[in-house]
Amino acid sequence: MNSSNNFPHIFSWKTSARAVWICILTLIPAMGWSIMLFGSRALLIWTIAALAAVVSEFLINLLVKRKTLMDGTALLSGLLIASAMPPTIPLYIPAISSAFALVVIKGLFGGLGSNWMNPALGGIAFAFINWPVAMKNYILPGIIAGVDGLSAATPITFARSLAPSEGVDILLRMQQSGFPTSSFDRKFTDFLNTSIFDHLGSHLPSGYLDLLLGLKPGALGDCALLFFLAGSIILFTVKIARFEAPLAMILSFSVLIKIFGADLSGNELLQGNLFFSLCTGSFLFCSFYCVTDPVTSPLTTFGLLLYGLLIGLICFLFYSWGRVVEGSAFAIIIANIFVPWIDKLLLPKIQKTYEKANL
C-alpha cells in the first residue's frame with residue numbers, strides 16, 4: 001500500500017537529526033575561511049572542541065544507556081563553542097567548555113529537548129566566566145598584519161578606547177587613530193570613492209569591507225560573517241530554522257542603535273552606525289545559529305517575536321554599556337529564563353481562540 005495514503009500519518013524528510021546535520025554542513029565554509037585566516041591553530045580549535053563534545057556525549061550515553069550520538073547535536077554544540085574562541089586560546093579551554101556544555105547543560109538536564117538553555121551558549125558563557133583574559137586575547141589575520149600572531153584589539157574594543165568625536169564616522173575615527181585595515185579594503189574603498197562617492201560629495205572610510213569579510217581581530221566565528229549569512233539563508237529556505245526570532249532580534253537591536261547610538265565615538269543620539277554595530281562581535285552569528293534553537297525558543301509565532309525583541313534589547317544594553325561587549329551569548333541565556341513565562345502567557349490564549357473557531 002502506498003504510504004502516502006496511510007492517513008493521518010504525514011511523511012517529512014525534516015527529522016531533527018537531518019536538520020542538525022544540514023546545519024553542520026552550512027558551518028563548513030565558515031570553518032574553512034577561519035582556517036585560511038588563522039591557519040592550523042584554527043583547525044585545532046574546531047577539531048578539539050568538536051571532539052570533546054562528541055566524546056562527552058558518548059560517555060553520557062554509556063552511563064544512561066542512550067543512543068543519541070548519531071543525531072549530530074553534540075558535534076554541532078562543539079562547533080558552535082569553537083566559533084566563539086579566539087585563535088590564541090589554550091586548547092584545553094574549548095575542550096573543557098565543550099565537556100561542560102554536554103555533561104552539565106545537556107546531560108544533567110535530561111538530554112536533548114530537556115535543557116532550558118542552548119548547551120553551546122552555556123559552554124561559551126562558561127569559558128568567558130572562567131577564562132576572561134584568554135577569551136579576549138585576539139590577533140590580526142596574517143593577511144592584514146603580514147605576519148602571524150600579532151595581537152590586536154577587536155573593532156568594538158578599539159572603538160571604545162577612542163576619545164569622543166561627535167559627528168565623525170566611527171570607522172573614519174578608527175582609521176585616523178591607526179586601526180589596521182587590509183590593502184584589499186583600502187584599494188577597493190579608494191576605487192569606490194574615486195568612481196562614486198567623490199562625485200556625490202561624500203567619502204567612504206576604509207574598514208567596511210574588512211568587517212564584511214572578517215578581516216579583523218576576533219573569534220573564529222566573528223571572522224566568517226558572509227558565510228554565516230549564506231548558511232542562514234539555506235536554513236530559512238528549507239525551513240529548518242524559523243526566521244521570526246532572528247528578525248525581531250536584529251530589528252530591535254538596530255532601532256535602538258540608530259535612535260540612541262552607542263557609547264562610542266561618533267555614535268551619539270540618532271547617529272548610530274548600524275553596519276559597524278551589526279558586523280562587530282558575535283551578534284549576527286548568534287542571531288542565525290543560536291536564537292533559532294527550537295528547544296529553548298517559545299512555541300508560538302508571537303512568542304518568537306517577543307523573544308527576539310527581548311534579546312535585541314539585552315544585546316543593545318551589553319553592547320552600549322556592558323563590561324562584556326561580546327554579550328550576545330549572555331543575552332540569549334538571560335532571555336531563555338523568560339521563555340516558559342512567554343509560553344504560559346500566550347499558549348492559553350491561542351488555545352481559547354482555536355476552541356472558539358471550532359465551535
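This is a predicted model: local features need pLDDT of at least 70, side-chain atom pairs count only at pLDDT 80 or more; totals for chains, interfaces and linings use all residues.
## Helix H2

Just after the helix, Lys 65 adopts a positive phi of about 55°.

The buried residues of H2 include several alanines, namely Ala 42, Ala 49, Ala 50, Ala 52 and Ala 53, together with Ile 45, Trp 46, Ser 56, Glu 57, Ile 60 and Asn 61. The partners against which these buried residues pack are three helices: H1 (16-38), H3 (73-83) and H4 (92-107). In general, an α-helix has 3.6 residues a turn, so residues three or four places apart point the same way.

## Salt bridges

In one of them Glu 57 pairs with Lys 106, with 3.1 Å between the closest N and O atoms. This pair joins distant parts of the chain, since Glu 57 belongs to helix H2 and Lys 106 to helix H4, 49 residues apart. Both partners, Glu 57 and Lys 106, are buried.

The other pair is formed by Arg 242 and Glu 244, whose closest N and O atoms lie 3.0 Å apart. Arg 242 counts as partly exposed because its relative accessibility is 40%, whereas Glu 244, at 9% relative accessibility, counts as buried.

## Thr 154

Thr 154 is located in the loop that runs between helix H6 (142-145) and helix H7 (155-160). With a relative accessibility of 3%, Thr 154 falls under the 20% cut-off and therefore counts as buried.

The side chain of Thr 154 makes a polar contact of 2.9 Å with the side chain of Thr 157. When residues up to four places away in sequence are left aside, Thr 154 touches Tyr 138, Phe 179, Pro 217 and Gly 218.

## The largest pocket

The largest pocket holds about 760 Å³ of space. It is lined by 38 residues, of which Val 20, Thr 292, Asp 293, Pro 294 and Val 295 are the closest to its centre.

The elements that each supply two or more residues to this lining are H1, H3, helix H5 (119-130), helix H12 (244-260) and helix H14 (283-289). H1 makes the largest contribution, giving 5 residues to the lining of the pocket.

Notes: Residues are numbered from 1 along each chain as its sequence is written. Side-chain values use heavy atoms; hydrogens and water are left out. Buried means under 20% relative accessible area, exposed over 50%, partly exposed in between (1.4 Å probe, protein chains only). Helices (H or I, at least four residues) and strands (E, at least two) are DSSP runs, numbered from the N terminus. Contact means heavy atoms within 4.5 Å. A polar contact is a pair of N or O atoms within 3.5 Å; within protein, one must be able to donate a hydrogen and the other to accept it, and residues adjacent in sequence count only if both atoms are side-chain atoms. A salt bridge is a side-chain nitrogen of Lys or Arg within 4 Å of a carboxyl oxygen of Asp or Glu. On a 1 Å grid over the protein atoms alone, a cavity is a set of points where a 1.4 Å probe fits but cannot get out, and a pocket is an open set with protein on both sides within 12 Å along at least five of seven lines; lining residues have an atom within 4 Å of a point. Grid points are joined across faces, edges and corners, and a volume is the space filled by probe spheres set on the points.
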